[in-house]
Amino acid sequence: MPASVPKRHPPRSTHDEFDGPHQFLPSGRMTVSKENDLPRVQAHLLIQEQDTILGKVNDRLSQCAFDFIAKYQFPIPLEQDKRPVQCPSDREWNEWVFLLKRLATKRRIPARVIYSGQIKQLVTILENSLEMRHAAKHQSRPLKDDRNVLQLISAGLQVAKLLKDAACMQYMDTLYLETERLIQSRKASPARLNPTISGR
């Protein structure tokens, strides 16, 4: 019986789908503007105020994640370079996000404990909230416009809603309204520079 000849596999291509049959759209009439020519977006909050607001969202979301995981006794893997979790601040918000996403994608979180069973939506909303953590922790970031700050608070509110944390939702809603009022007051009276945002 002749020896079997090993099958030869074709070499793997480094090309992607854009190297195959494709098309281009007509160039159209879009004019690419210089950055200096783009319309200016409004930013009425000082950088320190933005840091305070986003820091509060970051801390409150960490508390929300801590309470959620404790309530349903979801496992937290032990890591050699990290201490065991004793309080919300033992992990950064991005670490809580990573843990919640892994629990969701590994089907450790039952749909019944998420608002309307929206497990897939939870992963998306968690990813949206990561920008808030980056903004709160990186002091060299550029000033954010008013809408962006409000969107980040809203993203935090959506996380709290999906985790069915009423107290956190109320906190975020209050902070959103206070921030919105502060922005409106700045528009009406730009000279007012130091109002307080409690968010408590």
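Guide: A disulfide is a pair of cysteine sulfur atoms within 2.5 Å. Keep that cut-off in mind for this predicted model.

Visitor: How far is the sulfur of Cys64 from the closest cysteine sulfur, and in which residue does that sulfur lie?

Guide: A bond needs sulfurs within 2.5 Å. The sulfur of Cys64 is too far from its closest partner for that. The partner and the distance are Cys168 and 4.2 Å.

Visitor: Is Cys64 buried or exposed?

Guide: Buried means under 20% relative accessible area. Cys64 has a value of 1%. Cys168 has 0% and is buried. Cys64, too, is buried.

Visitor: How are H1 and H4 oriented to each other?

Guide: H1 covers residues 47-71 and H4 covers residues 146-162. Their axes come within 10 Å and cross at roughly 10°. Angles under 35 degrees count as roughly parallel. H1 and H4 are therefore roughly parallel.

Visitor: Which residues of H4 make the contact with H1?

Guide: On the H1 side, the contact includes Cys64 and Gln50. By class, the contact has ten nonpolar, two polar and no charged residues. The H4 side is Val149, Leu152, Ile153, Gly156, Val159 and Ala160.

Visitor: How many helices does the protein chain have?

Guide: The chain has zero strands. Along the sequence, its pattern reads α-α-α-α-α. The helix count is five.

Methods: Residues are numbered from 1 along each chain as its sequence is written. This is a predicted model: local features need pLDDT of at least 70, side-chain atom pairs count only at pLDDT 80 or more; totals for chains, interfaces and linings use all residues. Side-chain values use heavy atoms; hydrogens and water are left out. Axes are lines fitted to C-alpha atoms, for helices over the stretch in contact, and angles run from 0 to 180 degrees between N-to-C directions. Helices (H or I, at least four residues) and strands (E, at least two) are DSSP runs, numbered from the N terminus. Angles under 35 degrees count as roughly parallel, over 145 as roughly antiparallel, 65 to 115 as roughly perpendicular and the rest as oblique. Contact means heavy atoms within 4.5 Å. Ala, Val, Leu, Ile, Met, Phe, Trp, Tyr, Cys and Pro count as nonpolar, Asp, Glu, Lys and Arg as charged, and the others, Gly among them, as polar. Buried means under 20% relative accessible area, exposed over 50%, partly exposed in between (1.4 Å probe, protein chains only).
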